Protein chains: 2
Amino acid sequence: MIDAAPGGHDPFIRVRDAREHNLRHVDVDVPRDRIVVFTGVSGSGKSSLAFGTIYAEAQRRYLESVSPYARRLIEQVGAPKVGDVTGLPPAVALQQPRGGGSVRSSVGTVTHLSNVLRMLYSRAGAYPPGAERLDSDSFSPNTQVGACPHCHGIGTIHDVDTERMVPDPDLSIRAGAIAAWPGAWQGKNYRDILAELGVDVDLPWRELPADRREWILLTEDQPVVTVHPVRDADRITRPYQGTYSSARRYVLHTYATTRSPALRARAARFLTSRPCPVCGGKRLRPESLAVTFGGHDISFPAALPLSELAEFLRKETPDTEGAEGEAARALVANLAERITTMTELGLGYLSMSRSTSTLSPGELQRLRLATQLRSGLFGVVYVLDEPSAGLHPSDTEALLTALGRLRRAGNSLLVVEHNLDVMRRADWIVDVGPGAGERGGLVLYSGEVPGLAAAGESATRRYLFAGERRARPEPREPSGWLELSGITRHNLRDLTARFPLGTLTAVTGVSGSGKSTLVSQVLTGVVAAKLGGEPPADGEDNAEGVPVEDDPAAGVTATGLDAVDRLVRVDQRPIGRSSRSNLATYTGLFDTVRKMFAATGEARERGYDAGRFSFNVAGGRCENCQGEGEIHIEMLFLPGAAAPCPVCRGRRYNPETLEVKVRGASIADVLDMTVERAREVFADVPGAARALTVLDEVGLGYLRLGQPATTLSGGEAQRVKLAAELQRKRRGRTLYVLDEPTTGLHPSDVDLLMAQLRGLVEAGNTVIVVEHDMPVVAAADWVIDLGPGGGDAGGRIVAEGTPADVAAAPGGVTGRFLAAWV
Amino acid sequence: MIDAAPGGHDPFIRVRDAREHNLRHVDVDVPRDRIVVFTGVSGSGKSSLAFGTIYAEAQRRYLESVSPYARRLIEQVGAPKVGDVTGLPPAVALQQPRGGGSVRSSVGTVTHLSNVLRMLYSRAGAYPPGAERLDSDSFSPNTQVGACPHCHGIGTIHDVDTERMVPDPDLSIRAGAIAAWPGAWQGKNYRDILAELGVDVDLPWRELPADRREWILLTEDQPVVTVHPVRDADRITRPYQGTYSSARRYVLHTYATTRSPALRARAARFLTSRPCPVCGGKRLRPESLAVTFGGHDISFPAALPLSELAEFLRKETPDTEGAEGEAARALVANLAERITTMTELGLGYLSMSRSTSTLSPGELQRLRLATQLRSGLFGVVYVLDEPSAGLHPSDTEALLTALGRLRRAGNSLLVVEHNLDVMRRADWIVDVGPGAGERGGLVLYSGEVPGLAAAGESATRRYLFAGERRARPEPREPSGWLELSGITRHNLRDLTARFPLGTLTAVTGVSGSGKSTLVSQVLTGVVAAKLGGEPPADGEDNAEGVPVEDDPAAGVTATGLDAVDRLVRVDQRPIGRSSRSNLATYTGLFDTVRKMFAATGEARERGYDAGRFSFNVAGGRCENCQGEGEIHIEMLFLPGAAAPCPVCRGRRYNPETLEVKVRGASIADVLDMTVERAREVFADVPGAARALTVLDEVGLGYLRLGQPATTLSGGEAQRVKLAAELQRKRRGRTLYVLDEPTTGLHPSDVDLLMAQLRGLVEAGNTVIVVEHDMPVVAAADWVIDLGPGGGDAGGRIVAEGTPADVAAAPGGVTGRFLAAWV
Ligand SMILES: Nc1ncnc2c1ncn2[C@@H]1O[C@H](COP(=O)(O)OP(=O)(O)O)[C@@H](O)[C@H]1O
Ligand SMILES: Nc1ncnc2c1ncn2[C@@H]1O[C@H](COP(=O)(O)OP(=O)(O)O)[C@@H](O)[C@H]1O
Ligand SMILES: Nc1ncnc2c1ncn2[C@@H]1O[C@H](COP(=O)(O)OP(=O)(O)O)[C@@H](O)[C@H]1O
Ligand SMILES: Nc1ncnc2c1ncn2[C@@H]1O[C@H](COP(=O)(O)OP(=O)(O)O)[C@@H](O)[C@H]1O
Ligand SMILES: [Zn+2]
Ligand SMILES: [Zn+2]
Ligand SMILES: [Zn+2]
Ligand SMILES: [Zn+2]
């Protein structure tokens, strides 16, 4: 079936002796110019083969050839561990970006649509009489010539919120009334300056005169006074010259200039933002906004959902003769073609102005896929990471069509996938396994799809051919209802939704129908607000220091909230942002282990305490890498830019520390253990055994305790979080919210996950999942189907009830697909 | 002949509507998986098509797909001007680096040989008893673990040369005895400090006591004294605290820390360097140098010519059993294979430790080509720029073999070439023309080679098929001889060479035989020394600020030097290093033109002087780009990273300045004129007409006056320099030295060049060229053939005499090729 290439070139990419991560001397041949799907349970080594070996090697070769600079970097990082690869063209990866898109880029910029729309306004826009023609840069808020001069193209103006700056007016200044002030010395400095200026810093804030209060918080003046600090008990302090800054000045200045994310996030807490009064939030200068097309300035089409944008452009294109009319028609045709591709991939509900930071990883990957369809690349290898993630079954066909187009344009596709429909349609399948981690790392099968049926050990085979079904218990009766009404946000308009308690509920619907808005924003927002306003997610939500968005709970009436004591959101975001967090630190297990090391005779003799066994503080760690175990290298076009520390060779500790052993293992040896192995070694240690057992049970037995959090996949991170939850005492009355928990999971991993979620429900908790995987939906107790379409064509509940009810309901697109599984 | 690709892919790269530079809406199809040669006269647009369009577009597409960061940069720089290109794989360019290689890289590093040799020493070296095994980094002077701790891996130690610091000891300090001191205020400061310290700054230097002199020049002390400066006539100066630095401290500190290339170069003038006493110049730490292979530390094989290195390794490889022996054999086999490729490409005379900054552009390109043969890239387009440059005809076959290997490995090759032998062996030829600049820019022919015979307009056709011969005058009788004896440098050992005066001499020989050493180093060194020690080249030789190398003239005895008054070296190095130099500034024509602008009534009314029309100083220039016309963008993997200035749109001037016109043209219009057009416009202006006429005559009529010097090819730069020479009054008695002047020139351009060189000889001057082009050699009056091989196998004069003599002489490899042309 695979023909020889012209000139007799071997039509295969042949990989020999691949040894990245857990791969066990893998030899495999995959055809070029085909769609090849890589399958296997989570942790089996699919990504290590497709991304870590084939993609990385292709990148390395190409960049080394193009740039001597890249070569020097690659030499430090090390080439992928592989004997040889032949027939390997340059590669392009379409990965699910872990950190999400950047705040600065938008749907329009990543797809090039913005450029073309700007050209349309430049060349075919209606200009005010006498106005000079502008070039396309003038329609971009990111250029000097385009940006609104008042807000510098940001669209919003920040200012302080006085109520947030003084949350408790009963406090005196000395007692900390002004929450916005910095801590430590600088805060005392401001206090002392005010005292010198005659302010009574011991009076409750509310009793100070109003004009005084305003001056303290808002003045632009920076008076300088001689401060005579009160003598501290333990040290003598001299008079000094102090400069006052109002709380407002301090907050705005810090927000604008600090390089510390923590300080910036703190400042953001006291800020509100409002649309820029000059451009009205449209970010462009008045001259640019004066140019119109179809009667609207450029911000109008940019805010339309793409599906409507296409319609708008078609309607408004002039059919005039001449250069201008022709330019307009050519540009509109160009836009329409690009938009069609995106709409076909189920992204028609997005608007050009939508920031990519608000997109899910799956949406972002499909956006890049749509863009690639127009890239004109020929003869490259595309490597994709689960492109079906976030895609409703009704959109799978369009995805396959898109992949087919890339292939027909002369490229090869390597796709890591768990979706059975995508697997079935591949030209070639490579199944990796049989297990995860050290129990995986072998290629069980490589060939055309039907042949996999004979591969005995393959877990994929069981699901792909035998159609293995999950046990489907009778739907549980809810213990109560949580009802939200008056929900108006994004495409939800005055919606009422009710969620059964004490059960497992699946929320379904095509991409853009409103699932995340309903569940991850409104529901969690309402519950969090009721529980005391803690941030709903795992605490890193506002790490970017963006001023808090409008409140998703606003205007919503809720009943049934009393039955919920606790909210846990288990998502796929990384469990930590540095290579300093890992499984051991995240689960708390590391503390227990370090105490064990400190308690050994050897450690006590040497005076080593538990801190000595931390790689975060000086003492026991390797000082060359400061306990990172690796040296980071800045590299633009390559993933994984870190080289092992040459001093400790990745062990993170200094030699003396490694001389202390517990049960024959040094602290570095412990970090190098898999969960499974550690479970045996520490079976009798209460502080460790429980965490290890649960991690093993959710299918993560293959992970090493010290594997940096940043290298865990989204699916792995999610299960680590789930495990951390499961190891707590199950109290019931907790609401668990999961957004597409099956992403990155093989069907057999999904089985494990479902068993865990079931366990939570049985213990009296409520679980709500947003999900596209029909077997999972079929195994839920209750289903809420949003739709019927995405964006304005969605936002309604089109069906709800037991899986069987929804499968039988007319109206929703989900029922059709669900029917096969109930 | 071109078959369809598998899956029915179109086997062509199809370019539509290419408009880069002078290309006139070019459509052209070139086959993939073939060797395609691009031909045409210099300036016809070959590079604009092969590099500026096809390569740039391929890079753009690939990098845009790989990196959103690259995309943002590309948007600013602008995509190549082309309608569409289909069937275009990612590309790799092997260009002739204009600036030469970097000082930090060596033959070993760019070819990866160093890495493998280090592994060999690490794994299979003989360690001193008890020594710990070292890893391969320990054998690299560029790593912390490998570098000699004394010289930090540099191998040399710099110190000051006291004689150079005080070149004229008859001067007093006040009169400037200490040449090494900084100028301006700082120099006066040191003088005043010395005066305060009691030094008589008015005594001739030689009359100061010796210990005083030493202290002034060399002390490490930094005494602080109160200086009472002598009152200047026009301003009152107060006493201040001054810190003294000895001249040595000042020079070493400046050399080590300044960021100004000029200051660094100035400091370098007072430095000498000597080998590091700890490592003996071997750059490695003692532990690393203690490890041996075949009885030698790693610096020994690194310094061997590659051809001998292969032999050494073969002889010394242990045939022991076991892991160590096996590793050694595998590594040696790897090294041997790499070395063979390089030797085949005529580079066997190079050593691994040779710095790439001492290689010619042609050598560097072939080095990269050899490396690519092992890169394992598949399905890419290689674009090469005259790979035959610097190659003796006897090595052309090996070059063709190398190109063929890349093709058979699954790649496409696009080669810009002037070498007729390479053209004849191409699978496909694209001939661009018919003329240069605006008279070129068309594809005259695209197809298999024989078909070009029917392309009437093609200049290439005439040389390729008709075998057009140059007029070969009778060899001229020399007017005298310049004889050098005792030449010992590189591979020249006590050589005697004589050059006829008043004639055109060609120096020939295979690559590495010693031609450049003899002509560009020794001959020019000797003549320059006799003429008064001016630097031999065009003044930019030491711009890198490297301390002056040993004197190439040392030990050489010369006779006949009196007949030479002047030395001119015309090489292919850029005529300027910034986009501020251009044809107009370099030839001095710009001064004349600016005076014309300043003399207009309009300019006088407005008070604009000639400075107003300079783009180098504030006043008339655009201040956004400070007269550059473009904004530079840092971009790692792309060439040409500059975007037109958005304010002046590349015109470099502000609007008011552009309102002044001379003969209907603004100053920006003048810079935009071709030489040819300007020659008409300024025909009656003495200060301009001569320069323009000569530029036109050397075949550069197509160049625009304002084209930045940095964008001129080596061949263009060389002819600009030649033209600048020719426009001076011809005085005779000048020695012109040219190193491979035909590089980058089409045979028809070579004809023009030869006519110019003949003219110089007829005016009584002497011309010496290093050359590989046999038609040029055949047209010389005298030939000196070095050889017989490269490196130690060369360095002798194997034949000399008229072209006919040398063609008939036994011994040299050149005669055989020359015979066809005499
Ligand atoms: N950056 C890394 N460093 C160390 N181990 C890793 C890294 N990435 C993956 N692994 C390990 O390699 C094995 C295979 O992982 P992976 O290739 O991601 O599997 P899959 O793609 O099949 O889920 C797992 O044991 C995983 O923990
Ligand atoms: N941060 C946001 N800003 C603007 N619009 C949004 C944002 N998030 C979602 N939307 C819009 O709300 C609608 C529902 O989106 P979403 O809740 O993400 O759907 P789903 O989760 O079903 O894919 C879509 O029209 C989407 O474009
Ligand atoms: N960077 C540049 N900017 C402006 N003009 C250029 C640039 N590079 C080349 N040109 C012009 O384009 C024309 C074709 O040049 P080029 O493609 O280099 O010719 P060839 O490769 O055939 O010698 C010439 O007129 C040359 O001066
Ligand atoms: N800067 C240098 N450092 C060390 N060796 C050199 C240097 N330049 C040339 N050589 C050596 O001198 C010999 C002659 O080289 P060269 O004069 O460049 O030959 P050609 O000009 O004929 O190619 C070669 O063995 C070469 O390796
Ligand atoms: Zn604004
Ligand atoms: Zn370390
Ligand atoms: Zn040294
Ligand atoms: Zn400008």
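Reply: Donors here are N, O and S atoms within 2.8 Å of the metal (3.2 Å for Na, K and Ca); water is not among the atoms, so sites may look incomplete. This is a predicted model, in which local features need pLDDT of at least 70, side-chain atom pairs count only at pLDDT 80 or more, and totals for chains, interfaces and linings use all residues. Residues are numbered from 1 along each chain as its sequence is written, chains are lettered from A and ligands numbered from 1 in the order in which they are written, and side-chain values use heavy atoms, with hydrogens and water left out.

Me: In what spacing do the donor residues of the zinc ion (ligand 5) follow in sequence?
Reply: The protein donors are the SG atoms of A:C148, A:C151, A:C276 and A:C279. They lie 2.3 Å from the zinc ion (ligand 5). In sequence, the spacing of these donor residues is C-x2-C-x124-C-x2-C.

Me: How many residues apart are A:C148 and A:C279?
Reply: A:C148 sits in the loop between α4 (113–124) and β6 (156–160) of chain A. A:C279 sits in the loop between β9 (271–275) and α10 (286–289) of chain A. Helices (H or I, at least four residues) and strands (E, at least two) are DSSP runs, numbered from the N terminus. The pair links distant parts of the chain, and the separation is 131 residues.

Me: Are A:C148 and A:C279 buried or exposed?
Reply: The classes rest on relative accessible area: under 20% is buried, over 50% exposed, and in between partly exposed (1.4 Å probe, protein chains only). On that scale, A:C148 and A:C279 are both buried.

Me: What is the geometry at the zinc ion (ligand 7)?
Reply: Its protein donors are the SG atoms of B:C148, B:C151, B:C276 and B:C279, 2.2 to 2.3 Å away. Four donors count as tetrahedral if all angles lie between 85 and 135 degrees. The angles among the four donor atoms of the zinc ion (ligand 7) are 104 to 114°, so the site is tetrahedral.

Me: Why does the pair B:C148 and B:C276 tie together parts of chain B that are apart in sequence?
Reply: B:C148 lies in the loop between α4 (113–124) and β6 (156–160) of chain B. B:C276 lies in the loop between β9 (271–275) and α10 (286–289) of chain B. Both residues are buried. The pair therefore ties together parts whose separation in sequence is 128 residues.

Me: How much of ligand 4 does the protein bury?
Reply: Polar contacts are pairs of N or O atoms within 3.5 Å; within protein, one must be able to donate a hydrogen and the other to accept it, and residues adjacent in sequence count only if both atoms are side-chain atoms. Oxygen atoms of ligand 4 lie 2.6 Å from a backbone N or O atom of B:G512 and 2.5 Å from a side-chain N or O atom of B:T517. Taken alone, ligand 4 exposes 550 Å² (Shrake-Rupley method, 1.4 Å probe; for residues, only the protein chains shown count as cover). The protein buries 80%.

Me: What share of ligand 2 does the protein bury?
Reply: A polar side-chain atom of A:H490 is 3.4 Å from a nitrogen atom of ligand 2. An oxygen atom of ligand 2 lies 2.8 Å from a side-chain N or O atom of A:K515. Ligand 2 alone exposes 560 Å², and the protein buries 81%.

Me: Which residue in β4(B) is the bridge partner of B:R16?
Reply: Strands pair if DSSP finds at least two bridges between them. β1(B) and β4 (residues 82–86) of chain B pair in the antiparallel sense over four bridges. The bridge partner of B:R16 is B:D84.

Terms used. Tetrahedral: all angles 85-135°; square planar, octahedral: opposite > 155°, others 65-115°.
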